[in-house]
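Here is my note on the model, point by point. Please read it with the structure open.

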Amino acid sequence: QWTTSSIVDDTVAAIREQVGERRAICALSGGVDSAVAAALVHRAIGDQLTCVFVDHGLLRAGERAQVERDFVAATGVRLVTIDAADRFLGELAGVTDPEQKRKIIGREFIRVFEQAARDLQAEAGESGEHIDFLVQGTLYPDVVESGGGSGAANIKSHHNVGGLPDDLQFELVEPLRALFKDEVRRVGLELGLPETIVHRQPFPGPGLGIRIIGEVTADRLETLRAADAIAREELTAAGLDRDIWQCPVVLLADVRSVGVQGDGRTYGHPVVLRPVSSEDAMTADWTRLPYDVLERISTRITNEVAEVNRVTLDVTSKPPGTIEWE
Ligand code: XMP
């Protein structure tokens with residue numbers, strides 16, 4: 001029988017064994033997985049860990065502040081934030097293929113981390129310990145879906161499993177590799193992380209980059225960020241955060257439809273609401289959100305986000321759909 005505290009103890013022991021006296025850098029993405037992975041590694045090796053948070057410009061509204069404030073307050077780890085939005089947007093320019101986006105984002109992530117490690121190494125000076133390890137919050141479902149598990153087909157290359165460059169210069173530490181999401185949350189609580197972090201809904205590493213169907217641009221990100229913030233606000237206000245697993249908001253950036261607002265004809269973009277219920281993201285059902293909540297979200301998005309003139313609802317289960325659109 002695996003209790004949560006025995007999972008923590010076993011994992012901490014395994015991390016100590018793997019890392020020894022050497023140093024690690026932690027790939028914080030802003031999600032619960034990387035936060036719990038970081039907290040576990042911090043418990044195991046303390047100051048040998050430095051967390052690096054890459055702001056890839058594909059984050060939702062307020063997320064950077066949440067990581068820099070809440071996570072640091074809860075753990076006390078050393079956090080370095082790197083502003084890489086321009087770099088990611090530059091690499092993503094003109095790219096529309098979902099797998100291509102994932103590979104680019106994953107590759108740039110690793111490159112930015114490598115640079116961060118070199119910078120930290122330089123800071124430590126000649127006598128400093130080399131940084132050998134990269135911590136990632138890879139979960140069991142990610143491992144299986146990327147074909148790394150029991151021979152499953154490669155459905156999508158998750159950025160924290162597939163898409164790693166061949167010249168990767170870190171050894172990976174993946175303390176959540178055997179766990180499902182609910183176990184990760186229990187481990188987070190066991191480690192004393194606040195509810196706001198532990199019960200944060202999952203958000204993919206590639207961020208809003210895979211929720212813009214079409215090319216990712218700064219303007220489109222701004223549009224999606226505004227629509228997403230409204231949907232999250234209304235779901236939270238309705239007390240539905242614990243009832244849904246997550247609710248991606250997807251911008252169909254290459255689709256336009258005619259609408260009318262005030263006296264004028266509009267020719268804007270649709271967004272898709274994708275509320276799902278799930279235990280572990282391996283399968284999911286679309287959530288039957290109350291109509292009045294859907295109405296508030298729709299009215300607010302179409303009123304407040306100029307580029308969006310239609311709000312649609314995805315009523316597909318997984319399978320056959322995946323949770324994300326890309
Ligand atoms: P799908 O779309 O495969 O998503 O049904 C399953 C769960 O995984 C999240 N997801 C990701 N998480 N890196 C991540 O860390 C990724 O590349 C990625 N792609 C999808 C998704 O939000 C859902 O919770």
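1. Start with the contacts. This is a predicted model. Of the contacts in the protein chain between residues at least 6 apart in sequence, 75% join residues at least 24 apart.

2. Overall dimensions come next. The protein chain has a radius of gyration of 20 Å. A compact globule of 326 residues would be near 20 Å, so the value agrees. Along the principal axes, the C-alpha atoms fill a box of roughly 70 × 45 × 40 Å. Buried residues account for 41% of the 326 residues.

3. The domain assignment gives two parts: domain 1 spans 4-198 and domain 2 spans 211-313. Their C-alpha centres lie 28 Å apart.

4. What does each domain bring to the contact between them? Domain 1 gives 13 residues and domain 2 gives 12. On the domain 1 side, α4 (85-92) and α7 are the elements that give two or more residues. That side divides into seven nonpolar, three polar and three charged residues.

5. Helix α7 (residues 181-190) also deserves a look for its packing with helix α1 (residues 4-19). Their axes come within 9 Å and cross at roughly 80 degrees. An angle of 65 to 115 degrees counts as roughly perpendicular, and α1 and α7 are therefore roughly perpendicular to each other.

6. Which residues meet there? From α1 come T4, S5, I7 and V8; from α7 come E183, R186, V187 and E190. By class, this contact has three nonpolar, two polar and three charged residues.

Conventions: Residues are numbered from 1 along each chain as its sequence is written. This is a predicted model: local features need pLDDT of at least 70, side-chain atom pairs count only at pLDDT 80 or more; totals for chains, interfaces and linings use all residues. The radius of gyration is taken over C-alpha atoms; the globule rule is 2.2 Å times the number of residues to the power 0.38. A residue is buried if 20 or more other C-beta atoms lie within 10 Å of its own, exposed if 12 or fewer, and partly exposed in between; C-beta atoms are placed from the backbone. Two residues are in contact if their C-beta atoms, placed from the backbone, lie within 7 Å. Axes are lines fitted to C-alpha atoms, for helices over the stretch in contact, and angles run from 0 to 180 degrees between N-to-C directions. Helices (H or I, at least four residues) and strands (E, at least two) are DSSP runs, numbered from the N terminus. Angles under 35 degrees count as roughly parallel, over 145 as roughly antiparallel, 65 to 115 as roughly perpendicular and the rest as oblique. Ala, Val, Leu, Ile, Met, Phe, Trp, Tyr, Cys and Pro count as nonpolar, Asp, Glu, Lys and Arg as charged, and the others, Gly among them, as polar. Domain bounds come from an automatic or database domain assignment.
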